[in-house]
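Subject: Structure for your attention

Dear colleague,

Please find the structure below, together with its sequence.

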Amino acid sequence: MATDLHISPLGRVEGDLDVRVMVDDGVVTDAWTTAGMFRGFEMILKGKDPQAGLIVTPRICGICGGSHLTKTVYALDTAWRTEVPPNATLIRNIAQACETLQSIPRWFYALFAIDLTNKNYAKAKEYDEAVRRFAPFVGTGYEKGVTLSGKPVEIYAIFGGQWPHSSFMVPGGVMCGPTLSDVTRSIAILEYWKDEWLEKEWLGCSVDRWLENKTWDDVLAWVEENESHYNSDCGFFIRYAMETGLDKFGAGFGNYFATGTFWNPDEYTHPTIEGRNRALITRSGVYQDGQYYEFDQANVREDHTHSFYEGAGALHPFDGRTVPVDPAEGQKQGKYSWAKSPRYEIPGVGMKPLEAGPLARQVVAGKPDPLPWQDYDPLFHNAVTTIGPSVMVRVMARMHEAAKYYKLVRSWLDQVDLHEKFYVKPVEHEEGQGFGATEAARGALADWIKIKDGKIENYQVVTPTAWNIGPRDGNNVNGPMEQAFVGSPIADTTDPVELGHVARSFDSCLVCTVHVYDAKTRKEMSRFVVNGNC
Amino acid sequence: MASLLWFQGGACSGNTMSFLNAEEPSACDLVTDFGIDIAWHPSLGMEMGENAQRLFWSFARGERPLDIFVFEGTVIMGPNGSGRYDLFADRPMKDWVTDLANQAQIVVAIGDCACWGGIPATAPNPTDSVGLQYLKRNKGGFLGADWRSKAGLPVINIPGCPAHPDWVTQILVAVASGRTADIALDDLQRPQTFFKTFTQTGCTRVQYFEWKESTEEFGQGTRKGCLFYEMGCRGPLTHSPCNRILWNRQSSKTRAGMPCTGCTEPEFPFFDLAPGTVFKTQKVFGAIPKELPEGADHLTYTAHAAAARVAAPKWAREDMFVV
């Protein structure tokens, strides 16, 4: 099948990422990210059943498959103009949040923290303690964190049958009809996870005590407040990160965006694209040069100037075109990645690369004027405006969400009305277009669907990994991760663990092959694989 | 110590994520209690760059014995048979697979993609993806129909999208602890201990199936009925232990009201997701399911169904999974 050279831009999902960086006097001066593996999901979806995305898109990424399902179902809800009963919204919220609660310890211990045991840190005062806690498979924190990370998705399985890869959210609601036992078991599992991992291992204090921290100074004072905080995995991580300099690099542009997630069940019974921002609990928004802006999906663009697709320029995903070129040809035109470069057009400001992810969400959470049901949280806006963004701050934003989402899930479980509906059968319109978005653990995730003659005419998925690892755009502006590499120190060019920290702090959905070049000799110094997941 | 190397081709990492949900035994138990040396894994390995490549080459060249080679994801052949759409550690992944599979005592394919191509191989199969020893139901795949590992075995297929973690960890422990001979494979090279039964075996809806009572809609509608008649459930046609070894220790899709999509069978996703096939039972004459429980024929099935409906007790028409 010679035509199969022409595939969809699946560099934005689970796959391989090449990163090239220039190093000058031990500091990264420039970087290029190249997405390298393709599976052709958008191409597979064309011409298929309108609901095919419910089965296919979770399989784009096994790590955030539940998030794929969430935004896919909202794309269909908006396209088919369904009614979604409040119970269904609650169950969707619970499932989406539980996937993220699973991801937080799993990502921290299995993917991020094992680098803290890298021999490059052997001189650190607390190195032996880092090894004791974080060594793969046998570290005390590792074993407990990874094993207990399976607990929140037990709740997912109670409502969705299994995790990963359920398709239990459908236009008009959810497939399950939960019983009292389902809700009670879910609460018990959630509380167990909170007690055994979140409070006992990670925080060393109650969730409520942690959430009293409103500024970075509060966090630092919290660490020193007592031995329990100081010696928790969280307290230890903050101390070790500051000792090893993880608070000093990996900043990136400092510009962020979130599509938001979780819906007020009473405010989104008839999902529309226009009504989405208002109904959100964890808000959407854009943060550029210290200013907040409203998020509007109409302002999203995908630039493909440096991507292996015909032509150049930027299009809205509804009009997204994916005509691949042979990489050998593309390279002659200066193209270097299969990922497109998602950008956001801020009215009156211009087209901007924005970082997606937990830090982005938590900065947006500091946006003024929330509606009564919306999350307002100033902590990470304070952090980025005082100590500035870094690998450490990005990690802490992610870990902070464990406490917040735990509280949300508990409240939603308490709100489920078992005697009311979980589904309203929709009319399966032959035509329509829809937009659905959520926040995967690692950032904003959205689908744009066009349905014509009862089948999918066009389907575009824009993932957080594409937002973060996409290449330069038509204005030659770096992608967010490319920019975050700039300024990183490299202590040992044969083992540049710092680049691993930056890449993994984004939790990009990739197994990244990083090539390090010396800016003077242009000699390739080392090559290594950054282990990563969605 | 049994050495294990785990690679991902055209994969979503779903089987890895599923694997990390394991408890009996857990992923950490494999290392600490069962003596499996997980030499490298794309999401879990420590080694990077040159160190990782040295490790891979030492296995690939046979300098270091490889007991178990686990592969997750499709083998990507495109473009034009070059495999360049999936480059890993500076060469096409398919070339690593050739070298490592041929050095391994046992090769285990985890998940549909590695077994038979899975979703990436759905028409139009943009990446020219194949499974290790099958493409959909056709034997051959990447390694060829007659290929055998050093221990003389074909690829052990543990399908599912994803595979259940306990299927994975229990087979790995069996292999590592010298019980390979106990693993009897079916004609699709799946361990019979897991795949002889049907997804329906142990389904809580089986009484509704017996009396031919259908679920009428999702949500509150799944408080009663069987999902086979209207919702496209493939439970009676699919081999898996999903209702014997529960998912995430809690439930299964069919128990939770979601139709089985047949994801342990080579044809998944069925009908290539053509319009009208998703969560809808395909029928003949507008009433009789086009595909019947395995081994049944339309004539006797129709008679049996008619009799069952007449004989159905009153409770079989009522909600059973009530608040």
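**Confidence**

This is a predicted model, and it scores ipTM 0.96 and pTM 0.94. The mean pLDDT of chain A is 90, with 92% of the residues scoring at least 70. For chain B the mean pLDDT is 94, and 99% of the residues reach 70 or more.

Where pLDDT is low, the predicted coordinates should not be read in detail.

**Chain A**

Chain A contains 20 helices and 18 strands. Its radius of gyration is 22 Å, close to the 24 Å that the globule rule gives for 534 residues, so chain A is as compact as a globular protein of that length. Along the principal axes, the C-alpha atoms of chain A fill a box of roughly 65 × 60 × 45 Å.

Of the 534 residues in chain A, 70% are buried. Among the contacts in chain A with a separation of 6 or more, 71% are between residues 24 or more positions apart.

**Chain B**

Chain B has nine helices and 13 strands. A compact globule of 323 residues would have a radius of gyration near 20 Å, and the 21 Å of chain B agrees with this. The box filled by the C-alpha atoms of chain B, taken along the principal axes, is roughly 70 × 45 × 35 Å.

Buried residues account for 64% of the 323 residues in chain B. Of the contacts in chain B with a separation of 6 or more, 68% come from residues 24 or more positions apart. The accessible surface of chain B is about 11,100 Å², and 53% of this surface belongs to carbon and sulfur atoms.

**Helix H16 of chain A**

Helix H16 of chain A covers residues 379–386, and its buried residues are Leu379(A), Phe380(A), Asn382(A), Ala383(A) and Val384(A). Against which elements do the buried residues of H16(A) pack? Their partners in chain A are helix H10 (216–225), strand E5 (256–258), helix H15 (358–364) and helix H17 (391–415). Just after H16(A), Gly388(A) adopts a positive phi of about 85 degrees.

**Cis peptide bonds**

In chain A, the peptide bond from Trp163(A) to Pro164(A) is cis, and its omega is near 0 degrees. Pro164(A) sits in the loop between helix H7 (152–160) and strand E3 (169–170) of chain A.

In chain B, Phe268(B) and Pro269(B) are joined by a cis peptide bond with an omega of about -5 degrees. Pro269(B) is placed in the loop between helix H8 (206–210) and strand E12 (283–284) of chain B.

**Positive phi outside glycine**

Asp25(A), a residue other than glycine, has a positive phi near 50 degrees. Asp25(A) is found in the loop between strand E1 (15–24) and strand E2 (27–35) of chain A. Is Asp25(A) buried or exposed? Asp25(A) has a relative accessible area of 68%; a residue over 50% counts as exposed, and Asp25(A) is therefore exposed.

Gln189(B) is likewise a residue other than glycine with a positive phi, in this case near 65 degrees. Its position is in the loop between helix H6 (165–176) and helix H7 (192–195) of chain B. The relative accessibility of Gln189(B) is 4%; the limit for a buried residue is under 20%, so Gln189(B) counts as buried.

Yours sincerely

Key. Residues are numbered from 1 along each chain as its sequence is written. Chains are lettered from A and ligands numbered from 1 in the order in which they are written. This is a predicted model: local features need pLDDT of at least 70, side-chain atom pairs count only at pLDDT 80 or more; totals for chains, interfaces and linings use all residues. Side-chain values use heavy atoms; hydrogens and water are left out. Helices (H or I, at least four residues) and strands (E, at least two) are DSSP runs, numbered from the N terminus. The radius of gyration is taken over C-alpha atoms; the globule rule is 2.2 Å times the number of residues to the power 0.38. Buried means under 20% relative accessible area, exposed over 50%, partly exposed in between (1.4 Å probe, protein chains only). Contact means heavy atoms within 4.5 Å. pLDDT is the predictor's confidence in each residue, from 0 to 100. Accessible areas come from the Shrake-Rupley method with a 1.4 Å probe; for residues, only the protein chains shown count as cover.
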